[in-house]
Amino acid sequence: MHNSIKDKVLQATDIVEVVSEHVSLTRRGKEFVGLCPFHPDRKPSLNVSPAKQIFKCFACGAGGDVIKFVQLRERLDFQAALAALAQRAGIDLNTTPAEARDERRIEQLRKTIEWARAHFQRNLHDTPAGQAARDYARRRGLTPETIARHNLGLAADSWDDLLLAARRAGVSSELLQSAGLTATNEAGRTYDRFRNRLIFPINDGFGRCVAFGGRTLADDPAKYLNSPETGLFSKSRVLYGLDLAKRAISDAGCAVVVEGYLDAVLLHQFGFTHAVATLGTALTDAHVKALRRLSERVVLCFDGDQAGMRAADRAVEVAVLGGTEVRVAVLEGGQDPADCLLAAGRDGFGRVLDSAVDALQFKWSQMVTAFGSGGAGAQRTAVEALIEFIARLTTTRGLNALDHGLLVRRLAELLALPPRSVHDLLASARRRLQPVGRSAAAPPDALPEYELAIRGLPAGLVVGMEECFGLLLADAACAELVDDAFAAAVEQCDVWRRLYAVVLNVQDEQGSYERADVIARCGEADVCELVSRACGRVAGTAAPQDLFVSARDRVRLESDALRMAASRQALAATATEAGAADRTFCELLSTARGRHFALAAENCWNTRPTS
Ligand SMILES: [Zn+2]
């Protein structure tokens, strides 16, 4: 029983998410690395594998699954760590007698499904009808290795083949019904649900069979048929092929999503082992969550018909709301992936995948096609349609300020408009969508607020400060390297001052800090926008402390330049007051001197300050 609760907790928990609540992690290839919290660590020795859902420190040897991590980190025993993670995932651990009965029930369903899988496989390999089905599979391009690897089977051309076999094997007909393997007609007669079909066992992420899909071998109008939803199977959660594709998705840093299991099986056969299939639904949030654990990139591969286009809309939604990089590859001429693979081969299909475009860009080109390219009017209509689409999406589902800032910048790039205009367009589209009389919370105004705050400051200073903040957040050791120039520069912009105050507060309270702690305290839109820009500037950098020193020195140079400009102005304004002018002149001179030293240090110039 505990096993299944442990499974549930592990399934609902992402080790990367949990570890990054304690350690700042950076992606390195298919893994994440960070400073090990279990020994004094100067270089990132802690590795976290999203694919395997384990952590390992190469210096002190600590390692295990996410439960083990929480045990070590919070000094808890197994049960307490499990309980803490269950609570985090919203799983109730208190097992009532009814729930215990459910657990037993699930176990019986599993056994029934496993028995049926073996029966279907025997039908395919050991019966005369099986030969015809294997011939069919071969005509569809499947090799014997593929048939074996994916455990394909055959549902016999009969109303009661499975029913009779179950009776012989002592499997109750009630369990067959609950497992979705039989159905009952209005007259009360029970019959096999899958008849004369090539069977594709559908596994959960752990490789356990939970349902079946069947491709008709005759001309049944229902070409594909899936198990109904059962206690084990929900098509909105399961991705076909994920159990076999996990490793490859993590290695490739990308998942390919197609719509049918035959497509997925063929993709695997042709070496695209990072392919999975949805089971007749658009990508759901649960699907996205499962894929995000393995990689941040998804390529959706659709045929260009109506259903494919609707699926593409969903792709944009996932990209905008889920923080996942989604690309869309469209097959031309009404082909499905299987047709394309068999016609164009591995290389041809690889080119289709390579040609995938960013989901937002895809939606944009759809809009442009829809409204024609007839001059400025059509262009404006297309822009408005896209903005309206995005506004609708983000009004119903909400978006935090950080993601909102990113979205505005991506749209600005795509539409070749200034971010400010995109922001205004989105805001007014949202107002139009807002029901009259209801003053909903204002949409996040991240970009303009921060943009206004830094307006007029030298770009070099802004970049330098944003780099400094990014590095400060990436590595608490950088806080030790803060100097008076940085501290003074922070005062140049209210948003910088507030973010720095948050960093110092967290550091005061905890002795040190981690990026997640700081971000958790940033509520205001403009600060979130600064964090987003700062983190973006230093993403993936290897030696934060060295970089901090050079960013900090750049801030000093820029601040000096700013002060000199101010002094020059003051000098011009006070030219008539001799005494004040002298003082200002001295300030200017001393700043200039400091600046020369700094430049000398920076560039190894052999310049002597003039005095
Ligand atoms: Zn360690």
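Trainee: In which helix is Gly345 found?

Mentor: Gly345 lies in helix H14, residues 337–354, where helices (H or I, at least four residues) and strands (E, at least two) are DSSP runs numbered from the N terminus. The model is predicted, and local features need pLDDT of at least 70, side-chain atom pairs count only at pLDDT 80 or more, and totals for chains, interfaces and linings use all residues. Residues are numbered from 1 along each chain as its sequence is written.

Trainee: Is Gly345 buried or exposed?

Mentor: A residue is buried if 20 or more other C-beta atoms, placed from the backbone, lie within 10 Å of its own, exposed if 12 or fewer, and partly exposed in between. Gly345 has 11 other C-beta atoms within 10 Å and is therefore exposed. From C-alpha to C-alpha, Gly345 is 7.9 Å from Phe270, although 75 residues separate the two in sequence.

Trainee: What is the order of the strands in the open sheet?

Mentor: Strands of a sheet pair through backbone hydrogen bonds, either parallel or antiparallel. Here the order of the five strands is E13-E12-E14-E15-E16, with mixed pairing (two strands pair if DSSP finds at least two bridges between them). Strands E13 (275–277) and E16 (357–358) are at the edges with a single partner strand each, so one side of each has no neighbour in the sheet. Strand E14 (residues 297–303) runs parallel to strand E15 (residues 325–331), and seven bridges join them; Val298, for instance, has Val326 of E15 as its bridge partner. Helix H14 packs on this sheet, touching E12 (255–258), E14 and E15, and its direction makes about 135 degrees with that of E15 (axes are lines fitted to C-alpha atoms, for helices over the stretch in contact, and angles run from 0 to 180 degrees between N-to-C directions).

Trainee: At what angle do helices H20 and H24 pack?

Mentor: Helix H20 (residues 459–474) and helix H24 (residues 525–538) pack at about 85 degrees, with axes 7 Å apart. The two helices are therefore roughly perpendicular (65 to 115 degrees, whereas under 35 counts as roughly parallel, over 145 as roughly antiparallel and the rest as oblique).

Terms used
Contact = placed C-beta atoms within 7 Å.
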